[in-house]
Amino acid sequence: MKQMLIANRLHDGTVVFRATDGSWVESIAAGTMIDDEQRAAQLLECSRADEAANIVIDPNLIGVIERDGVRVPVRIREAIRANGPTSAVDIAKIGR
Amino acid sequence: MYRYDEFDQTLVDERVAQFRRQVGRRLRGELTEDQFKPLRLMNGLYLQLHAYMLRVNVPYGCLSSRQLRQLAHIARTYDKGYGHFTTRQNIQYNWIALDRAPDILAELAEVEMNAMQSSGNCVRNVTADHYAGRARDELQDPRVWCEILRQYSILNPEFSYLPRKFKIAVTGSPHDRAAVAVHDIGLRMHLNAAGEPGFEVIVGGGQGRTPVIGKAIRAWIEPEHIVSYVEAILRVYNLYGRRDNIYKARIKILVNALGIDKYREMVEAEWAEIRDGVLQIDPAESARIDAYFAPPAYETPVDVGAELQALQDADTSFAAWMHSNVAGHKVDGYAIVNVSLKEPGKVPGDLSADRMDRVADLADAFSLGEVRVSHRQNLVLVDVRQADLHTLWQELRDIGLATPNIGLASDIIACPGLDYCALANARSIPIARDIGLHFSDSDKLQQVGDLTINISGCMNACGHHHVGNIGILGVDKRGQEYFQLTLGGSSNEHASLGDRVGPGLPQSDVPAAIEHIVDTYLDLRQGDERFVNTYRRVGMAPFRAAVYGDDSGQAAA
Amino acid sequence: MALVVNGAVVADPFVRVADEDALPDSGAVLVSLATWQACEAALRQRTEPVGVLLTSAEHPEALAAAIDVLRLIALEFPTFRDGRPYSYARLLRDRFGFAGELRAVGDVLLEQLHYMERVGFNAFEIDSDEPLADLAVADRDFSVRYQPSSDGRPSAAQLRSRR
């Protein structure tokens with residue numbers, strides 16, 4: 001199972017994923033997938049530095065699998081963070 | 001409604017300026033997250049799954065139409081076009097950016113609203129009966145005391161770092177619509193032997209991991225002493241409440257550990273020192289505030305009984321709505337209208353910005369410009385002329401806010417759950433939607449009758465599941481969402497905590513389980529006995545058997 | 001660390017004496033409650049000022065009998081989340097009538113100075129390069145106070161009644 005780094009961006013709270021170039025991106029598809037534990041630990045350290053630099057809050061590693069080219073976090077909570085609330089269909093329907 | 005004077009307005013403006021400075025310091029790194037977190041919490045700002053969440057105070061559930069329009073504007077401008085009304089009569093926005101939060105607070109201050117202390121280890125929004133000032137069974141309008149307690153608790157320098165959060169609820173009626181028995185302090189107005197109105201003070205109620213029905217610390221106290229008495233309670237709690245474990249830090253734990261008699265002794269000793277001091281409520285000040293809650297100038301009542309009956313005879317859906325959503329008003333010719341935010345299949349308590357504006361318009365047209373928020377996550381229009389009921393119903397029906405389900409099975413209370421909340425184990429919204437759709441037939445709803453269903457996504461119990469007739473608690477079982485059911489809870493003056501039915505059920509089994517429970521009730525009830533009373537009479541066994549296939553509490557294979 | 005007393009940055013005249021150390025022959029001393037209770041007679045004999053440092057678990061009623069003798073009471077905030085010293089301060093000022101230096105020490109954040117002043121602290125040990133500027137900011141934060149304070153300034157209700 002591969003891993004990714006997830007966090008909330010400090011200034012607006014948006015869920016972000018760490019990309020290969022060290023930036024934080026909103027799309028899970030654009031984040032970097034990590035293969036091995038050592039690399040994961042390294043990138044977590046880098047993420048903590050980003051936290052100390054007031055870019056993100058609470059970075060952590062999550063398990064992610066790739067299914068038909070789509071990245072799906074293993075835990076439902078992270079899947080909801082990546083894709084939005086499962087009740088989101090209501091936003092489109094509420095009387096505008 | 002209370003209107004800010006120059007002192008109230010200056011305070012919220014100063015608070016906005018302070019928070020703007022604090023946000024700036026945080027973004028520049030002059031404050032760490034650890035230092036900043038209690039500051040942003042005390043301004044109602046949480047960090048949740050998707051973004052920051054802002055909880056705005058609706059003091060004792062009262063809003064003007066102007067304020068509701070501003071809430072709509074905020075939803076549109078700073079959020080994704082909707083808000084969520086909570087079990088503490090507040091409103092929450094789920095998609096807030098930290099760097100825009102000071103602007104939001106400034107816009108709230110423009111309409112005399114704020115988010116001060118809607119979170120944090122301090123005294124939270126003082127909640128009240130959503131029919132305050134209007135219910136037939138009310139002894140005295142409690143809102144003056146709510147406003148006095150609000151001002152007493154806001155930016156109180158001694159009590160801003162309590163062991164844990166502190167919630168106060170107030171009812172002016174013996175019929176408790178404010179759930180006072182499960183609050184840290186509950187105030188219940190009643191008459192003493194001499195016929196004078198005063199408060200029974202209940203302390204140490206609460207839900208969460210260790211639900212407790214509050215205990216009476218004082219049978220009766222003059223309202224004029226309520227601030228000093230609350231100070232005594234808070235001071236003893238601040239000094240002796242546990243600070244070693246956040247799950248053992250509420251006042252209910254302290255009261256249980258000391259016993260109510262010892263706790264009372266300590267509070268009364270402290271109160272004796274302060275009762276005649278500066279905290280006595282100045283009658284001029286309480287009169288000043290009470291004047292804002294004076295009843296409006298009502299019109300001479302017109303008897304429209306025959307017309308209303310004819311309209312109901314002609315239209316069963318209007319009749320159903322009249323039966324479930326309309327309550328009696330203390331003034332003849334008027335009615336209290338509950339605006340249901342529980343359309344089956346929708347998210348309980350959510351309301352779009354557009355519909356907020358519509359409700360504000362309807363409040364202006366039909367209810368003297370005022371809206372209440374109920375802890376059941378619905379809105380209330382409290383001054384509707386009976387002659388306008390049919391027209392108002394049509395208007396509400398056109399925007400989906402006339403579901404005839406108040407207090408019935410589809411009037412579900414649900415926390416935001418794992419769809420939004422960082423604390424949750426499971427999602428409550430899909431369960432709420434499934435159950436709501438299951439009970440979408442109005443005849444079925446009426447047949448089942450009064451039934452409160454409460455859903456919490458985790459043990460923090462923001463959905464108040466312990467006091468639901470049916471409670472549903474989301475738990476994490478090996479990474480899967482499971483739900484534990486409880487039966488027999490109640491949040492009114494006969495408050496009780498629900499009993500666990502059995503092991504957690506997977507999400508897919510929950511709607512059927514609810515159906516079995518309701519069918520069992522329909523089989524067993526005597527006459528028009530309510531669900532909760534049938535349960536209290538027959539006990540758990542038949543319900544457990546219906547859900548699990550036997551009454552041993554073991555899950556069916 | 002800077003010590004601000006009554007609005008001025010000062011060098012601390014009090015020497016903190018650890019429990020295991022002997023009391024110095026002279027000079028102002030700040031001791032723990034345990035030391036005060038063990039050596040009260042000797043401490044009362046000293047001509048120079050004596051102060052007691054209370055931890056957040058130590059209720060100030062332990063010093064009720066010594067209120068007129070002590071020139072300094074320091075209340076420790078082990079973490080800024082521990083709100084007990086706010087109540088201790090109010091009790092010391094309002095209940096026990098302590099008129100000496102009431103000093104906040106420990107995890108004292110600038111964002112709490114406003115509350116601390118209102119409950120009666122008049123001295124602060126703060127981690128700041130510009131302590132007076134920071135205190136001025138904290139002081140200016142709120143001109144309106146809903147509740148009666150121990151710092152003598154009127155509450156909103158009191159101001160309203162004078163209108």
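What percentage of the 163 residues of chain C count as buried? In this predicted model, the share is 40%. Along its principal axes, the C-alpha trace of chain C spans about 55 × 35 × 30 Å. A compact globule of 163 residues would have a radius of gyration near 15 Å, and the value of 16 Å for chain C agrees with this. Chain C contains 6 helices and 8 strands. Read from the N terminus, these elements follow the order β-β-β-β-α-α-β-β-α-β-α-β-α-α. Of the contacts in chain C between residues at least 6 apart in sequence, 45% join residues at least 24 apart.

Chain A may be approached through its strands. Strand β1 (residues 2-9) of chain A runs antiparallel to strand β4 (residues 56-67) of chain A, and 7 bridges join the two. Within this pairing, Arg9(A) has Val56(A) in β4(A) as its bridge partner. β4(A) is also joined by 4 bridges to strand β5 (residues 70-73) of chain A, again in the antiparallel sense. Here Val64(A) is partnered by Pro73(A) of β5(A). β4(A) and β5(A) form a hairpin with 2 residues between them. In its turn lies Asp68(A), which has a positive phi of about 55 degrees.

Chain A also touches chain B, in a contact that takes 23 residues from chain A and 31 residues from chain B. On the chain A side, the elements that give two or more residues are α2 (76-83) and α3 (89-93). Of the elements of chain A, α2(A) gives the most to this side, with 4 residues.

β4(B) and β5(B) form a hairpin with 5 residues between them, and Gln89(B) in the turn has a positive phi of about 70 degrees.

Helix α13 (residues 389-398) of chain B shows how burial can be arranged around a helix. Its buried residues are Leu389(B), His390(B), Leu392(B), Trp393(B) and Leu396(B). These residues lie on the same side of α13(B) because they cover an arc of only 160 degrees around the axis. An α-helix has 3.6 residues a turn, so residues three or four places apart point the same way. The buried residues of α13(B) pack against α10 (305-314), α11 (316-325), β11 (326-328), β12 (334-339), α12 (353-366) and β15 (379-385) of chain B. On the face turned away from the buried side, α13(B) carries the exposed residues Gln394(B) and Asp398(B). The helix is followed by Gly400(B), whose phi is positive, near 75 degrees.

Conventions. Residues numbered from 1 in each chain as written. Chains lettered and ligands numbered in written order. Predicted model: local features only at pLDDT ≥ 70, side-chain atom pairs only at ≥ 80, totals over all residues. Contact = placed C-beta atoms within 7 Å. Pairing = 2+ DSSP bridges. Buried ≥ 20, exposed ≤ 12 C-beta atoms within 10 Å, placed from the backbone. Arc of directions from axis to C-beta. Rg over C-alpha atoms; globule rule 2.2 N^0.38 Å.
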